[in-house]
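User: Please take me through the helix packing and the aromatic contacts of this structure, with the reasoning behind each value.

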Amino acid sequence: QRRRGRELAHQPPGDAEAWMAAEFLADDEPLSLAVEDAEVAAVLGRALATLPPTTRRALEAAYIRELPQAEVAQTLLISEAALRVRLHRGKHALRQALTGTLRDEAVAAGLALPEASGWQTTRVWCPWCGRHHLEWQVDQASGWFGFRCEGKCTPDIRHIGAGALPDGLTSPKSILAQLCLRLGGDYRQALSTGRGVCPKCGRAVRVWQMQEGDHRVTPLGAHGIVLVCEVCSTFDGASPWHLTLDTAEALRFWRRHPRMRALPTRAVERDGRPALLTGFESIDASERLRIISARDTYELLHVTGDER
C-alpha cells in the first residue's frame, strides 16, 4: 500500500491510468491473500522484455527502483514532460502485452481476470488437500465466480467458494479470501439468529445444523451449517473445514503457508461447552493452526498457531 502511494504520487496531474502492476498488486483487503511476488515478477519480466529498451528502462527506474521522475528524466537525457509521455505509453504497451500473448500467464498469476467462461487452473493450492491447485470460473456477463479443486478432493462439493466479483480485485487469492471473510460472518450470524439469506434471490431462508447420525451432505464431517431456500430451491452450506477457513486466523495462516491441508475434525470440550477442533497444517513446514469452535454457533473459543 505504501509503495502504491508513492507510485501514484509520481503520476502527473490528470493522469487517470495508475501503473498496471501497482493496481494489480494493491492489497485492497487487509486480510486478503496477495499474489506471490515471484510469480508476478516473472510475468512482468517477460512483459517488460517486449518493450523498447528505453521505455523499459524508464518504467523500471520509475516504478521498480522508485526513483523520482526528475532523476529518471535526467538519467535518460529527456525532459520530465517527455518522460511522462514515455511512461504513459509504456504502461499502455505493458497492458497490451499482459492482455495479449501473455494473458494466460497473467491470469494464472492473478494479474487479470479470465475472459473465458470455462474452468481455468490457478496457481493457488487447494486448502483442503494441498495436493492440487484450485480452478476458477468467471462469468463476465453476470459478474459471478466460483472455485473448486482441480483434483476433486471433495467430490460432493462442487465449489470451494462462489459469489459476485468484488470491485478492484483481480488476484484469485484476494477474491477468494474476501469471499471467505464475508461468508464467515454471514454463516455465524445465521447460526446465532436461526435465519439466513438466500445468495440467489435474497429471501430469508431456514437454517439448521447437521447433527451426528444425520444424512451427511458432505464428506468433511458430521457437523456443519445448511441453508435451503424454499422459494428458488437454492442450497447453501458450509462444513467445519469451510467455517474454519472463513476466519481471519485461517486466512493469515494460509498467507504464510500457501500450501496447506485441512486437519480432521474432532469433537472436544472447551470451558464446559461442546466444541469442535479443526485446523490446517503446512505441507512445506511443521507449523499447524488449531481452532476450537463452539459446537452450536461456531464461535471461536481458542486458537493456537496463529502468529501475527
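User: At what angle do helix H4 and helix H6 pack, and is that roughly parallel or roughly perpendicular?
Analyst: In this predicted model, H4 (residues 53–64) and H6 (residues 80–99) pack with their axes 9 Å apart and at an angle of about 100 degrees. Angles of 65 to 115 degrees count as roughly perpendicular, and therefore H4 is, relative to H6, roughly perpendicular.

User: Which residues of H6 make the contact with H4?
Analyst: By class, the contact of H4 with H6 has six nonpolar, three polar and two charged residues. On the H4 side the contact is made by Thr54, Thr55, Ala58, Leu59, Ala62 and Tyr63, and on the H6 side by Leu83, Arg86, Leu87, Gly90 and Lys91.

User: How far apart are the end C-alpha atoms of helix H8, and why does that agree with its number of residues?
Analyst: Helix H8 covers residues 172–193, and at 1.5 Å a residue its 22 residues should span 32 Å.

User: What kind of aromatic pair do phenylalanine 145 and phenylalanine 147 form?
Analyst: Phenylalanine 145 is buried at 2% relative accessibility, and phenylalanine 147 is buried with a relative accessible area of 0%. Their rings lie 5.8 Å centre to centre with 80 degrees between the planes, and because planes over 60 degrees apart count as edge-to-face, the pair is edge-to-face.

User: How many aromatic pairs does a search of the whole structure find, and which residues form one aromatic cluster?
Analyst: The search of the whole structure finds four aromatic pairs. One aromatic cluster is formed by Trp128, Trp241 and Phe280.

Conventions:
Residues numbered from 1 in each chain as written. Predicted model: local features only at pLDDT ≥ 70, side-chain atom pairs only at ≥ 80, totals over all residues. Heavy atoms only, no water. Axes fitted to C-alpha atoms, helices over the stretch in contact; angles between N-to-C directions. Helix = DSSP H or I, 4+ residues; strand = E, 2+ residues; numbered from the N terminus. Parallel < 35°, antiparallel > 145°, perpendicular 65-115°, else oblique. Contact = heavy atoms within 4.5 Å. Nonpolar A, V, L, I, M, F, W, Y, C, P; charged D, E, K, R; others polar. Expected span 1.5 Å × (residues − 1). Phe/Tyr/Trp six-rings, centres within 6.5 Å; stacked < 30°, edge-to-face > 60°. Buried < 20%, exposed > 50% of the residue type's maximum accessible area, 1.4 Å probe, protein only.
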